[in-house]
Amino acid sequence: MMNRILLSFVFLICFFSCKHGEGEYHGVIEKINAEGEHYKGTSISSEKYLEDMDMIEITEGEHTFLIPERKGQIRSYACTECHSKPLEDMHSEGMKKAHWDIKIVHANENTMNCVTCHNPDNMNELKSLTGRDVDFNKSYQLCSQCHTKQFEDWKGGAHGKRLGGWAPPRAAMTCVNCHNPHKPHFDSRWPARFNTTVDEERK
C-alpha cells in the first residue's frame, strides 16, 4: 500500500513539473537547443562601424575574426629606417637614447627588458620567448605567452573590446589597443563627471 502511494506521489510530481505540451523546458540549455534549432542567423551587420578602419582577418584556433591593422598606426614604423645597424653599434657615450622616454613597468626588470619582446636582429619584427619572429600586427601572440587565461577569453570574445557589438562580422581590439605594452596596468582615475552630491555628504 505504501509503495502504491509513493508511486502515485512521484507520478503527480512528474505530471505537474513536466509541461512540454505548454512550451516549457527542463532547463535553459534545453530551451536554447530546441528554439534555436531552426535559427537562420541575423540580418544585422557591424560592417558600417568598421568602414573607416583598416582591419585584418586572423584565425586563432577555431575563432576567425577581424582586428585593427597595427603597423600603419605606429609612428616610427618601419623600425629599420632608424635601426640601420646592429644595436651594439648604435650606442655611444653622450649619445641620447632614441627611446629614452619609455620605461618598462610590466614585469620585474630581471625578468623583462626591451629584447624580451623586440627582436634585436630584425627590428621590424617582434620576438617570441623561443626566438620566433612575430609580426607587429599579431603582437597579441607575445602577450599570450604569459597571459594565457586572458588570451583564451579574448579569442572567445569575453575579454577585450568588441567593435560594432556582437553583430557579424566579429571584430575586436587587440591587447595593445587597450593596454600600453610597456605599462599595461590601468591607472586609477576620477570619473569624467564628479558627483558633487556625494562630496557634500562626506563633509
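**Exercise 1. Find which ring faces arginine 162 and arginine 170 lie over, and at what distance from the ring centre.**

Arginine 162 lies over the face of tryptophan 166, at 3.8 Å from the ring centre, where a charge counts as sitting over a ring if NZ of Lys or CZ of Arg is within 6 Å of the ring centre and within 35 degrees of the ring normal. Arginine 170 lies over the face of phenylalanine 65, at 3.8 Å from the ring centre.

The model is predicted, so that local features need pLDDT of at least 70 and side-chain atom pairs count only at pLDDT 80 or more, while totals for chains, interfaces and linings use all residues. Residues are numbered from 1 along each chain as its sequence is written, and side-chain values use heavy atoms, with hydrogens and water left out.

**Exercise 2. Describe the aromatic pairs that involve tryptophan 154 with phenylalanine 65 and with tyrosine 140.**

Step 1. Rings of Phe, Tyr and Trp (its six-membered ring) pair if their centres lie within 6.5 Å, and planes under 30 degrees apart count as stacked, over 60 as edge-to-face and the rest as tilted; by this rule the count comes to five aromatic pairs.

Step 2. Phenylalanine 65 and tryptophan 154 form an edge-to-face pair, with 5.1 Å centre to centre and 75° between the planes. This pair links distant parts of the chain, since phenylalanine 65 is in strand 2 and tryptophan 154 in helix 6, 89 residues apart; helices (H or I, at least four residues) and strands (E, at least two) are DSSP runs, numbered from the N terminus.

Step 3. Tyrosine 140 and tryptophan 154 form a tilted pair, with 4.9 Å centre to centre and 40° between the planes. Here tyrosine 140 belongs to helix 5 (residues 140–143), 14 residues apart from tryptophan 154.

Step 4. Ring pairs link Phe65, Tyr140, Phe151 and Trp154 into a cluster.

**Exercise 3. List the residues of the largest nonpolar core.**

A nonpolar core is a set of buried Ala, Val, Leu, Ile, Met, Phe, Trp, Tyr and Cys residues joined through side-chain atoms within 4.5 Å, and buried means under 20% relative accessible area, exposed over 50%, partly exposed in between (1.4 Å probe, protein chains only). The largest core has seven residues, namely Ile58, Phe65, Ile67, Tyr140, Phe151, Trp154 and Ala172. Strand 2 (63–68) and helix 6 (148–156) are the elements that give two or more residues to this core.

**Exercise 4. Decide whether asparagine 119 is buried or exposed.**

Asparagine 119, found in the loop between helix 4 (114–117) and strand 3 (126–127), is buried because its relative accessible area is 6%.
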